[in-house]
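Trainee: I am new to this structure. Please pick up one residue with me, look at it closely, and then lead me on to what else deserves a look.

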Amino acid sequence: MTTFSPERPLRVAVIGSGPSGVYAAEALTKQTDVPVGVDVFDRLPTPYGLVRYGVAPDHLTIKSVTKGFEKTLADPRVRFLGNVEFGTDLTHEEAREHYDAVVYTVGASSDRRLGIPGEDLKGSMSATEFVAWYNGHPDAAARELVLHATGVAVVGVGNVALDVSRILVKTTAELHESDIAEHALNALERSHVRDVWVLGRRGAAQAKFTTKELREFGELHGADPIVKPEEVRPDEAAEAGITDNIVKKNLEVLRDFAARTPEGKERRVHLRFLVSPVEILDDGAGNVGGLKIERNTLDENGNAVGTGEYETLPVQMVLRSVGYKGMALPGVPFDERRGVIPNAEGRVEGRPGEYTAGWIKRGPSGVVGTNRKDAVDTVAHLLSDAKAGALPEATQPTREAVDALLSRKGVDVYTFHDWQVLDAHEVSRGKDLGRPRAKVVHKHEMLTHRRKALQEAEG
Ligand code: NAP
C-alpha cells in the first residue's frame, strides 16, 4: 500500500476542466490530509468548459467564478493540460498507469431530440449547437448561420431555452456589452428575427426556468414579452398546493407579462404553455416552413396529454432546448439510457480508483455552483479510498512520465500559462472594441497565437 507523501503525492487525473473538474481539483488541494498532485485535462486548449462555452454571453456575473478557478489552476500542485483528447492522446489504460485515481468530469455535451417529423430540416437544430455557435466553441465556430428567419420556435422552458431566446432578440447595443463571439454578433446584427415562441409542453407552474432569468424578458430594449392570459390564469385549487417559491414567483412574473400592453417594440417573445410540437413543416425546399403544435392538458400525474387541437406557428427556424445528454468516453462504462457514467456517489461502478462528478455523474441539472458540492462529495470518497489503501497502484506516477508520454505521441499541450496569455489577449482585443472580451474561436488560431507570443517573448 502506497503511503502518500510530498515526494510521492496522490496523483489524480481530472478529465474535463469545466466547473465540476476545477471544483474537484479545488477540493483535492483544499485538504491537507493527503499530499496531492493533480493534472486537469481538457480536449480543448482553453479551460472552464461550460462557463466559457455554455453560460450565456450576457451573463457575465455568472462567469466571474473563473476568478476562483484561476486560483485553483495556478496552485503549484495542479497543472492544466489542454488540447489533450481522452481516449486517443491519453487512453484509459495510460491514465490508469500514470495516476492513482482518475475523475471524469466531462459534462453533457450532446443534446436530446424531439422525435418528431421534420427534425432534420434545414433551420432545425439543437439549442446546444446554437449556444456553441454564439459562444465561439471551436467545434461550432466555423458554422455559417444566416438568420433569415423572421419567426423562431424554441422548444422547452428551461433556462437554456430562455438564454437562446434572449440572445435572439437582444439589440446589437445590448449584445455589444456581452462576450458573444464576433461572428455571432455580426450575424445577429443582420438577423431578421421578429417573433420568438418559447414552448412549454406542460403548464406555467411546471416550467423549469428560474425567476431571475424570466424577469429579464421584461427589461429588454427591443422586445416585448407576450403571454396569453388564459395560459397563466390562476387555478386556486391547484395552486394552493404549490410550495415552491420559484414557481410562485414565476407565475407572478408571467401574469404581470400577460397583463401588460405590448409597447410595440421591434421584436416579441411569446411564452406559451400547454403546447407540444408535433411536426416541423417543410417549406418545399427542405427548410423549416412552420411548426405544427398541439394543445395539451395535464393528466392526474402532471403529464402533458394532447387534446387533438392544433395550430401552426409561422417559423423558419426551430431550436430544440429539451435538455443536454452525456456522451460515452472510450474505455469508461456508460449508461446509455441515462447518459451518465454509472456510479455510486461518484465512485464509478466496478472500477476502483475511478470517479466522476458533475453532469456526467448525475445528469444535466442545477446551476454552476451545484457542481461544487457534487465534486466535494466525490473527492471525499476518493480521499477516503486513498487513506484506506483501496486505490490500485499507478506504475508511472510522475509528471515527467506523463509529459514524456504526451511528447512521444506528439501532443501539443496547452498549459495554464498559455491560457493566461490568450486570456489577456482576448480581454485586450475586447477593450479595443469597447467590449468585455473578444474571443479567439478557432483552435488553430489559439495555437498560432501562442507560437507568436512565445517568439515575441524570446525577442
Ligand atoms: P431543463 O431545465 O431540464 O429544461 C428542459 C425543458 O425541456 C423542460 O421544460 C422540459 O419539459 C422540456 N422538454 C423535455 N423533453 C421535451 C419534449 N419532448 N417536448 C417538449 N418539451 C420537452 O434543461 P436546460 O434548459 O437544458 O438546462 C439544463 C440545466 O442548466 C438546468 O439545471 C438549468 O437550470 C441550468 N442552466 C442554468 C442557467 C442559469 O442559471 N442562468 C442557464 C442555463 C442553464 P418537462 O419539464 O415537461 O420535461
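Trainee: Which is Asn83, buried or exposed, and what is its relative accessible area?

Mentor: Keep in mind that this is a predicted model. Asn83 is buried. Its relative accessible area is 10%, and the cut-off for buried is under 20%. Now find its place in the chain. Asn83 sits in the loop that runs between strand E3 (78-81) and helix H5 (92-98). Look at its backbone next. The phi of Asn83 is near 65°. That is a positive value, and the residue is not a glycine.

Tyr48 belongs to the loop between strand E2 (36-41) and helix H2 (49-53). With a relative accessibility of 3%, Tyr48 counts as buried.

Burial can be followed along a helix too. Take helix H4, residues 66-74. Thr66, Phe69, Thr72 and Leu73 are its buried residues. Viewed down the axis of H4, these residues fall within an arc of 110°, so they line one face of the helix. Lys67 and Lys71 are exposed, on the other side of H4. An α-helix has 3.6 residues a turn, so residues three or four places apart point the same way.

Now turn to the ligand. A shell of 24 residues surrounds the ligand. Val157, Arg201, Arg202, Glu213 and Gly366 are the closest. Three of these can be followed atom by atom. For Val157, a backbone N or O atom lies 3.0 Å from an oxygen atom of the ligand. Arg201 uses its side chain: an N or O atom there is 2.8 Å from a ligand oxygen. In Arg202, a side-chain N or O atom is 2.8 Å from an oxygen atom of the ligand. The ligand taken alone exposes 920 Å², and the protein buries 84% of that.

What is the shell made of? By class, it holds 10 nonpolar, 8 polar and 6 charged residues. Helix H7 (residues 159-169) gives the most to it, with 3 residues.

Note on methods. Residues numbered from 1 in each chain as written. Predicted model: local features only at pLDDT ≥ 70, side-chain atom pairs only at ≥ 80, totals over all residues. Heavy atoms only, no water. Near = heavy atom within 4 Å. Polar contact = N/O pair within 3.5 Å; in protein donor to acceptor, adjacent residues only side chain to side chain. Areas by Shrake-Rupley, 256 points an atom, 1.4 Å probe, with all protein chains shown as cover. Helix = DSSP H or I, 4+ residues; strand = E, 2+ residues; numbered from the N terminus. Nonpolar A, V, L, I, M, F, W, Y, C, P; charged D, E, K, R; others polar. Buried < 20%, exposed > 50% of the residue type's maximum accessible area, 1.4 Å probe, protein only. Arc of directions from axis to C-beta.
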